[in-house]
Amino acid sequence: MSTLVLAEHDNVSLKAATLSAVTAASQMGGDVHVLVAGANCSAAAEAAAAVAGVSKVLVADNAAYEHQLAENVSLLVAELAADYDNVVAAATSAAKNTLPRVAALLDVAQISEIMSVESADTFKRPIYAGNVIATVQSSDAKKVITVRATSFDAAAAEGGSAAIESVVSVHDAGISTFVGEEVAVSDRPELTAASVVISGGRGMQNGENFKLLDGIADKLNAAIGASRAAVDAGFVPNDMQVGQTGKIVAPELYIAVGISGAIQHLAGMKDSKVIVAINKDEDAPIFQVADYGLVADLFNALPELEAAI
Amino acid sequence: MKVLVAVKRVVDYNVKVRAKADGSDVDLNNVKMAIKPFCEIAIEEAVRLKEAGVATEVVAVSVGPKACQEQLRTALALGADRAIQVEVEGSVEPLVVAKLLKGVVEKEAPQLVILGKQSIDGDNNQTGQMLGALTNMAQGTFASEVKVDGDSVSVTREIDGGLQTVNLKLPAIVTTDLRLNEPRYASLPNIMKAKKKPLDVLTADDLGVTISSHVTQLRVEPPAERQAGIKVGDVAQLVDKLKNEAKVIA
């Protein structure tokens, strides 16, 4: 048994989601190899070689893979898949784009966003927007699988010493080109990757008051999120929204401030390891999912919290 | 330019679906069915391309049992010119849907195929990409903007942390994300007109596709519930708990 993990990277560094994919791959049993497909991506390949549990890193370093266009990378992965039982990647936007093409080229199904590995061929995955969890069994000899990163612990980023091997084959389908990218720049960690998230809701009253979260976020190296109510009220932009229709997060610590706890918000954060709720309404539903609830006026509690940490 | 739009019949997005008590499947008795929201966005985009003079014909296609003709009629009422139902029984896997759509693509030779990015029942997010691989077409998935220019299309895509723009040779595939457009409502006169628009029915045999199954659903269950924790008296106690009990802050 052997598994090829398609790395999520930016040519320079390995994205944290890949570490969760490595853990899922390890649970499937056998050797775990990682493919880094990019251009001038040796730094990302070295990072992958250091991940605990990885025994080999394949590097396909070519201009055709620079922006990881699905049309090109899928041809490469489908070729390399001949030597593996499973092809696995974290369910990031890049892998969601590429892996179904791989599955179709191999004439197998893809199992999307697994939450657990029950056995070599059986997995759990959410359906109907997470309202139902299905246990599914694959009959394909070769399996293509994406992994919900928040459901698997990250493999250790250090401690491994995998061999790095170059892949010479170049696949350029010649049907798509990269034009440009606009990526939001912030000193804070990305919402879906942060280990601490502090979110504000309608209780923040206006956008200006979100600054009360800044100092705490700085001290905890936290990302700042918001409930849909806060976004709908125009306090903060849409890309800060945590919830069913926004970002799904599962940090070590989630602090909900002035958030009542509508189902649509809970769906986006209930897998967080520790949940703290600060709300002045002691009957707010958010307290039903919080590990630690503080019934208090956030305008008093936030400055106190900032001073105390 | 001809545009093919794929349409799926799913449980209405307002319905909270539950697992049956015996865990055999989800309970879909007497639930309202509707066109998938991402497909409505796909139809809207195709119709706007026609209104802008870029597309000349919009063909809606659905893979499903006879009941999905209802959703095809909705697509026709929203502005599609004609419809094709590929008749299958029960649910079919994304790979099979992609193979059936490939057959339709070969018959119809569209320059652009627009699909929703992800169904709201199976949540697979696969069919468009699989169709791309099977037909060797380029794809612009999770699109928030589509601009056709001569023999290529420029697609702005929602990616983790921002937006990416790619240029694709036609024919190409686009899958829709939420911000692409706001679908219109069908007017009553258009609903009446839609009843007279052509709707053809094809079978898997007509398209030379064998229906296969690769994945078996063994059981379904509700997601784990989270238990409520404790209330703390003040900020000092909260910080103490986070440091010494949960150990999530230093």
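**Fold and strand pairing in the predicted model**

In chain A, 66% of the contacts with a separation of 6 or more are between residues 24 or more positions apart, a contact being counted where two C-beta atoms, placed from the backbone, lie within 7 Å. The structure is a predicted model, in which local features need a pLDDT of at least 70 and side-chain atom pairs count only at pLDDT 80 or more, whereas totals for chains, interfaces and linings use all residues. Residues are numbered from 1 along each chain as its sequence is written, and chains are lettered from A and ligands numbered from 1 in the order in which they are written. The model scores ipTM 0.92 and pTM 0.88, and chain B averages a pLDDT (the predictor's confidence in each residue, from 0 to 100) of 95, with 100% of the residues scoring at least 70.

Chain A contains 8 helices and 16 strands, which are DSSP runs numbered from the N terminus (helices H or I, at least four residues; strands E, at least two). Along the principal axes, the C-alpha atoms of chain A fill a box of roughly 60 × 40 × 40 Å. Of the 309 residues of chain A, 57% count as buried, that is, with 20 or more other C-beta atoms within 10 Å of their own, against 12 or fewer for exposed residues and values in between for partly exposed ones, with C-beta atoms placed from the backbone.

Strand β9 of chain A (residues 143-147) is mostly covered, 5 of its 5 residues being buried. The buried residues are A:Lys143, A:Ile145 and A:Val147 on one side and A:Val144 and A:Thr146 on the other, so that both faces of the strand are covered. Strand β4 (residues 86-90) of chain A pairs with β9(A) in the parallel sense over 5 bridges, pairing being assigned where DSSP finds at least two bridges between two strands, and A:Ala90 stands opposite A:Val147. Strand β5 (residues 110-114) of chain A is likewise parallel to β9(A), over 3 bridges, with A:Ile111 opposite A:Ile145.

A further sheet includes strands of both chains: it is open, has 4 strands in the order β6(A)-β7(A)-β8(A)-β12(B), and its pairing is antiparallel. At its edges stand β6 (116-119) of chain A and β12 (215-221) of chain B, each with a single partner strand, so one side of each is left without a neighbour in the sheet. Strand β8 (residues 132-138) of chain A is joined to β12(B) by 6 bridges, and A:Ala134 has B:Val220 as its bridge partner.

Helix α5 of chain A (residues 211-220) has as its buried residues A:Leu212, A:Leu213, A:Ile216, A:Ala217 and A:Leu220. Seen down the axis of α5(A), these fall within an arc of 120 degrees, so they line one face of the helix, the arc being that of the directions from the helix axis to the C-beta atoms. On the other side of α5(A), A:Lys211 and A:Asp218 are exposed. The cover over the buried residues of α5(A) includes β12 (196-200), β13 (223-226), β14 (253-257) and α8 (298-308) of chain A.
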